[in-house]
Amino acid sequence: MQFLNLPIEFEPLSGHATPTYAACVNDGELRAFSEAAHAAGRRLVALWGSDERNREASLGFAVHFAFDLIEGLTCLTLPLPADAPTFPDLAPLFPGACRMQRAVMDMIGARPASGDRRPWLRHANWPADYHPLRHDTPDSRFPLDNEEYPFVRVEGDGVHEIAVGPIHAGIIEPGHFRFSVMGENVLRLEQRLGWKHKGIERRFADMGLGDGVRLAGRVSGDSTVAYAWAYSQAAEAIGGAAPPARADWLRALLLERERVANHLGDLGYMGNDVALSFGLMQFMRLKEDWVRLNAALFGHRFLMDRIVPGGVSVDIDDEGARAISDQCDAIERELRTLKGIYDEHAGLQDRFLTTGRITPQLAAQLGMIGLAGRASGQRWDLRVSHPCAPYDQLTPRIAVEHNGDVAARALVRFAEIKESLHLIRKILRETPAGDIRCDVRSEADKRGFGWIEGWRGDIFIALETGADGRIRRCHCHDPSWQNWPALEHAIIDNIVPDFPLINKSFNLSYAGPDL
Amino acid sequence: MFPMLRQILRTGIVSEPSPPADDALRAVRQRLSETMLKQLGRALVIRHVDAGSCNACELEIHALGNPYYNLEALGIKFAASPRHADMLLVTGPVARNMEVALKRAYDATPEPKLVVAVGDCGCTGGIFGEGYASCGRVSNVIPVDVSIPGCPPTPLQLMEGILAALVMEGTAGASPA
């Protein structure tokens, strides 16, 4: 199988929910493929490293690159020598690659050939030559150190810096933002993340295939359903098991419920950030109603651990279906009222419109994805472009806006809630009867991939088993990797007090990419 | 304006009564003096610190502010600075990268201070455990008064725990420390 008119032979991988192809490439082939993919308007999904030395003495390390092509997902593996592992710098083509490459450097010790090589996940709390994902790295503790991170400085008359974080002035996750400002206007924002890095990928090693789903579901708690589904897809590909049809439909029900819950919360908080606490209270009330029904029907407010390899752990009866359907009607009515109020509220619109703007052109250049990408005209939605079951039958409509401002990101959320409510009703009507779970047995030395459109964007999981059938390597990729750098652009020329609003309108995960 | 007022009227007051304090959640004997508690009454200021959670605990802490739980009606509010806080509400296993920040927030909180560890991770390290990048449970880094387990704990469990930190040990029948 060949793609993009290049003579690189890909092997189709069986048992994947989305058509998936893999190839082993050299430096030149990787460069050629990246350039062709970029020229064709396709995108880099994820980039991660692995240690292959304990497989065979002749092997060193490997860096893997997953691309989204029209035909499906392609994974290119670049083997690297053990002594001087260096790989091509893809950041000039795909800016989102920059931080992923820095993370590979921290975790595995393979370096990008050029570009930014400052540490990313490592904060001077362990030495630069301690690479946690190498198999021969012992689990050690090192004395804490204060990191002198070389931020890019903006020089000039009247320019000063505002340093914020890691602990922020609200109930949010930790990160550091360094603003260079002139008066009220932001000239530059540089993010320093990685504060929540807790060694998840190392933790995966040697877990049983069935156990990993709990950890995957806790990479970013607000997207637990999407992570658990992506992980389960990968595990099912390894075990050669296909979940029963009913399980697929119930998974989609849970995923859409997660999407609605998060969108409701965000719309409230965006109102709050422009001093419309009415909006916060109303939307938080709706969100609470929503998650309470989750707890009543499925036993967990955020639906953690409800998707498992092989299927789902919860079923729904007629009475439950009726409760969900009634709730959809109620929420839709309320949403119409609240959207009317948001639309008509001059003070709110004044703060939303043109704030934190990313034009479609810039968004394409930055490789933005997911919800924030769609608000800037980027038509990426796996449910539409690579629909796995049951989305191939649900045929969701993609929500796209082109203004790329806070208002556009609010509109995409409104549109997506409406569409999700529609999908949920359709799922309730059309879910086939049958089993909800099948057995998944691990197989030795196999790879599997999972790829799911969560509420924030596409979540990707690459899973690999070792000779004993236990997890050898599991890489979890959050869409925030691609969109965090875009936030640095969104704030330029906006005033400092608008940053919380712009940040909230993106609502990116810190825990997800920090891993 | 009128659609907003109409919506507010139509919604009515949805706040629910708060749960009683759950004494079982106390990790250590209460360190607050009786005088202090009298002064504090039920007005409590909390500084939340996410030391490395998966962010699900944050979602539930956010929910405390919704009209159903209406935490502010109990005189409990969240502050932006630890210097204004009586209590630190800490989530997550403590990431090594957050260890210094958490200790600084603790040092910046005026005495007497309360620390509540939130979630299975805050109580035990949870699924993330201890390793090169994780210090595990919160009490491995700063002293903890009350631990609220759950993955994540529900808003009601959070309220029970927060109130448990406020209710003096003496009132539960035991002698004050």
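Modeller: Domain bounds come from an automatic or database domain assignment. For chain A that assignment gives domain 1 (11-112), domain 2 (159-192) and domain 3 (200-514). Residues are numbered from 1 along each chain as its sequence is written, while chains are lettered from A and ligands numbered from 1 in the order in which they are written. This is a predicted model, in which local features need pLDDT of at least 70, side-chain atom pairs count only at pLDDT 80 or more, and totals for chains, interfaces and linings use all residues.

Colleague: What is the pLDDT of chain B, and which scores does the model have?

Modeller: pLDDT is the predictor's confidence in each residue, from 0 to 100. Chain B averages 84, and 82% of its residues score at least 70. Over residues 28-33 of chain B the pLDDT is below 50, and residues 168-177 of chain B are also below 50. The model scores ipTM 0.93 and pTM 0.94.

Colleague: Why is Ile70(A) called exposed?

Modeller: A residue is buried if 20 or more other C-beta atoms, placed from the backbone, lie within 10 Å of its own, exposed if 12 or fewer, and partly exposed in between. Ile70(A) has 11 other C-beta atoms within 10 Å, and is therefore exposed. Ile70(A) is in the loop between strand S4 (61-69) and strand S5 (72-80) of chain A; helices (H or I, at least four residues) and strands (E, at least two) are DSSP runs, numbered from the N terminus.

Colleague: How do you know that the span of H8(A) agrees with its number of residues?

Modeller: The expected span of a helix is 1.5 Å times one less than its number of residues. The 27 residues of H8(A) should therefore span 39 Å, and the end C-alpha atoms are 39 Å apart, which agrees. Among the buried residues of H8(A) are Ile324(A), Leu335(A) and Tyr342(A).

Colleague: What makes up the contact between domain 1 and domain 3 of chain A?

Modeller: Two residues are in contact if their C-beta atoms, placed from the backbone, lie within 7 Å. By that criterion, 23 residues of domain 1 of chain A are in contact with 22 residues of domain 3 of chain A. The largest share of the domain 1 side, six residues, comes from S3(A).

Colleague: How many residues of chain A are in contact with chain B?

Modeller: In chain A, 47 residues are in contact with 43 residues of chain B. H7(A) gives the most to the chain A side, with six residues.
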